[in-house]
Amino acid sequence: MWRALATVVILAVAAGVVGLFIGFRELEFVSDGLVHAVFPGLVIGAAVGGSAALLPGAAVAAVIAAVLFTAIERRGGVGADAAIAVVLTGLFSLGIVLVSLQEGYVSQLQDLLFGRLLTVTEAQLAQVLVVAVAAVLVVLATWRAQLFRAFDAAGAEAAGFRPLAADLSLGVAVALLVVAGVQALGVLMVIALLTVPMAAARLLTRRFALLIPLAILLPLVAGVAGLWLSFEWSVGSGATVSPGAVVVLLLIAGYLLAALLRVVVLRRSPLLRTETGGSGDGRDGGRGIRERAA
């Protein structure tokens, strides 16, 4: 339980930092593509070196996918969504084929897709910590370029920043965070950790300085509550409940609560509704945040 809680804390902090630019750059679909693209890396890692090689295999696949997404979008002459769809479906299908060639692949497939938060070992926890710290350091090292790129792409290039370098750096950071989270939460659930907390934070505040703290607080609360609920259900009623799935459901509940609070505040404050445009979807608030940060 303590290793599961430590994993949630590490992922919450890292996702809060990296998720800031996922939200500003509207890279939620890219993140989803990276999550699915690491699947063949997980399968190959598990086949070669067992559970100890899951994270290295996923890291290689994630970095390759991040570079492919950026290169195809910028150089391939096709749209971003098409490039992501091609890489996503191709690599995810490759992973399914590889895992189906192994004995007992149904249980392995379930573990890789849905994660095993309560079976994180000390070695895996150390790997998650190293990879999450690396993702945060990549973002911090390119912080100014990422901010400028998110707010004004043309201005960033004119100011001497390299858009391609910024895009690749952010893609690698997202890929590393995917790798850090996929082992505990699974391929299909880590996307929620990357996108939902920051989306909820942007609904709750227009202050730039509060975005990351709020995006960290939500998964922390959801993680603690999810682990406690899954434990109580398992012990008290004998139900087999996936703690990772419970954590994700609580994240979604937090987002829905933030959306409800935003609607209530906008209805009670005509001045705020005028300033934000009153759409309530978070995008208008994002423009306000960009203006304040700039």
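Predicted model: local features only at pLDDT ≥ 70, side-chain atom pairs only at ≥ 80, totals over all residues.
Residues are numbered from 1 along each chain as its sequence is written, and side-chain values use heavy atoms, with hydrogens and water left out. Local features need pLDDT of at least 70 and side-chain atom pairs count only at pLDDT 80 or more, while totals for chains, interfaces and linings use all residues.

**Stop 1: the cavity**

Select Val8, Leu11, Leu117, Leu185, Leu193, Pro219, Val247 and Leu251, which line the largest cavity. Its volume is about 60 Å³, and the structure holds 1 cavity of 30 Å³ or more. A cavity is a set of points on a 1 Å grid over the protein atoms alone where a 1.4 Å probe fits but cannot get out; lining residues have an atom within 4 Å of a point. The volume is the space filled by probe spheres set on the points, which are joined across faces, edges and corners.

Colour the lining by class: 8 residues are nonpolar, none polar and none charged. Nonpolar covers Ala, Val, Leu, Ile, Met, Phe, Trp, Tyr, Cys and Pro; Asp, Glu, Lys and Arg are charged; the others, Gly among them, are polar. Helices H1 (2–24) and H13 (243–268) each supply at least two lining residues. Helices are DSSP runs (H or I, at least four residues), numbered from the N terminus.

**Stop 2: H11 and H13**

Now show H11 (residues 190–204) with H13: their axes lie 8 Å apart at an angle of about 20 degrees. Axes are lines fitted to C-alpha atoms over the stretch in contact, and angles run from 0 to 180 degrees between N-to-C directions. The two helices are therefore roughly parallel (under 35 degrees; over 145 is roughly antiparallel, 65 to 115 roughly perpendicular, the rest oblique). Residues in contact (heavy atoms within 4.5 Å) include Leu193 and Val196 of H11 and Leu251 and Tyr255 of H13. This contact has 15 nonpolar, no polar and 2 charged residues.

**Stop 3: H10 and H11**

Select Leu177, Val178, Gly181, Val182 and Leu185 of H10, which meet Val190, Leu193 and Leu194 of H11. By class, 7 are nonpolar, 1 is polar and none is charged.

**Stop 4: H8 and H10**

Ala145, Gln146 and Arg149 of H8 meet Pro163, Ala166, Asp167, Ser169 and Leu170 of H10. Here the division is 4 nonpolar, 2 polar and 2 charged.

Technical notes. 1 Å grid on protein atoms, 1.4 Å probe; cavity = no way out; pocket = protein on both sides within 12 Å on 5 of 7 lines; lining within 4 Å.
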